[in-house]
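Please look over the sequence and the structure below before reading on.

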Amino acid sequence: MFDEIIENQKNDMIDSVCKLIRFKSVSVETENPEIPFGEECKNALEYTLNLAKKLGFRTKNLDGYCGYVEFGEGEEMVGMIGHLDVVPAQMADGWTTPPFEATIRENKIYGRGSIDDKGPVIASLYAMKAILDSGVPLNKRVRLILGLNEEKAWKCINHYKDIGEETPTIGFSPDADFPCIYAEKGILSIRLHHPFSIKNEDILNIDCKNNALNVVPKYCSITLKNNKSGVISKLEFHGTSAHAAHPDLGDNAITKLVKNLNSTLDKNCTEHEFTFLSQLYQLGVFDITSPQFLSNSPVEDESGVLTSNVGFLGFENHVLEIGLNLRVPVNTSLAEIKEKYHKLTDIFPDLEVTFPAEQAPLYVPKDSQLVKTLTEIFHQKTGLNADAIAIGGGTYARAFPNCVAFGANMPGQKDMCHQVDEFINLDTFILSAKIYAEAIFRLATMD
Ligand SMILES: [Zn+2]
């Protein structure tokens, strides 16, 4: 019923997404309350809200932090959560055509944000338009929420909640993969601080290029000065970066450094400080899956095994800092894992353990009405019999309960999020709008 309307508005959809890609909406946090995430984010939001208004929707700009587009009546609300901010991109990274130009070739729209998340946002908007134009009755309101700080700290969606904006009854986030993500592991960041020294050596510097905890570090070095000979030596280690949710896909440069120190430095070292690193290594703190000291059997469930990424290593004022990022299976409590890391202080009394960030897992059972409905629609519209999936990454769906990530990356296709030459396939773009229209309709007419 909605497919034909979407086919007819295809050119408008393509035109709208290209215009939206042309805003360089990298979220920059400013002190200016008028533009909390910078001029370009403000313009991208205003453009989208104006477009929505022209299409016949109610719109609201929430203090420049985020906005929403809404239609329909009813107590309850179906929510879609997307974002208009993007990660940086420049020609020098190796793009074929300028990342903020939106170029169409080979049946694809190339440009930063095309798949993450401007394309899926425009597909959702025109899906709403198709329902509006069809005149079918719904029993819930439908709201598309547009964030401007998703790629950074989620201050947009936090603002939405802080000012008491309505929580959707049910919904999805068009900001990840089809068919649907029903489980996302818990995320826990850990910082360890401990006094540190190496026998006969002064540590001048440890440098991992300020690597983010959620990335497998591709570089780490240590610079030492022998306190007898005065000789300065720099040991450099190279690896391969990957997302912390998949430490197995990377090659961790920090771990290489630790391993190297562990095997080359004087084992008869009496200074407890170096022994500390050696012992941490023995305990399995640098293991990438289910570190040994946590449990004798692997910590895992249907969402996968617990993974750990050592993302940071630094040295300042004789103190070593180690930063970790864990992805915790949905059925394991974060509190229990925190307790186990905290317990390391029983072995190392000078150790300081802090948890700078955490995100509770997302779990909407596979046999829930929401997941069943969305996977069924995906199957109907594509003919693909794909199962709902569990992941270690965090999607925007975590922002609300009873919400899962739904598209727009197709199963088996290369994930172009954050990549050079990011694109959305035109067929995927139009098909996702049809899928979203059906999904909105079904969720908004469900009891
Ligand atoms: Zn995204």
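This is a predicted model: local features need pLDDT of at least 70, side-chain atom pairs count only at pLDDT 80 or more; totals for chains, interfaces and linings use all residues.

Residues are numbered from 1 along each chain as its sequence is written.

Start at strand β7, which covers residues 170-173. Helices (H or I, at least four residues) and strands (E, at least two) are DSSP runs numbered from the N terminus. Both faces of β7 are covered: Ile 170 and Phe 172 on one side are buried, and so are Gly 171 and Ser 173 on the other. A residue is buried if 20 or more other C-beta atoms, placed from the backbone, lie within 10 Å of its own. Strand β3 (residues 77-83) runs parallel to β7 and is joined to it by three bridges; two strands pair if DSSP finds at least two bridges between them. Phe 172 of β7 is the bridge partner of Met 80. Strand β21 (residues 403-405) also pairs with β7 in the parallel sense, over three bridges, and here Phe 172 has Val 404 as its bridge partner.

Next comes an open sheet of three strands, in the order β4-β5-β23, with antiparallel pairing. β4 (103-105) and β23 (423-425) each have a single partner strand and stand at the edges, so one side of each has no neighbour in the sheet. Neighbouring strands of this sheet are turned by 20 degrees against each other on average, direction ignored. Strand β5 (residues 108-110) and β23 are joined by three bridges, and Lys 108 has Asn 425 of β23 as its bridge partner.

Helix α11 (residues 426-445) lies across β5 and β23, at about 70 degrees to β23. Axes are lines fitted to C-alpha atoms, for helices over the stretch in contact, and angles run from 0 to 180 degrees between N-to-C directions.

How do α10 and α11 cross? The axes of helix α10 (residues 369-382) and α11 come within 10 Å and cross at roughly 140 degrees. The two helices are therefore oblique to each other, as angles under 35 degrees count as roughly parallel, over 145 as roughly antiparallel, 65 to 115 as roughly perpendicular and the rest as oblique.

Key:
A residue is buried if 20 or more other C-beta atoms lie within 10 Å of its own, exposed if 12 or fewer, and partly exposed in between; C-beta atoms are placed from the backbone. Two residues are in contact if their C-beta atoms, placed from the backbone, lie within 7 Å.
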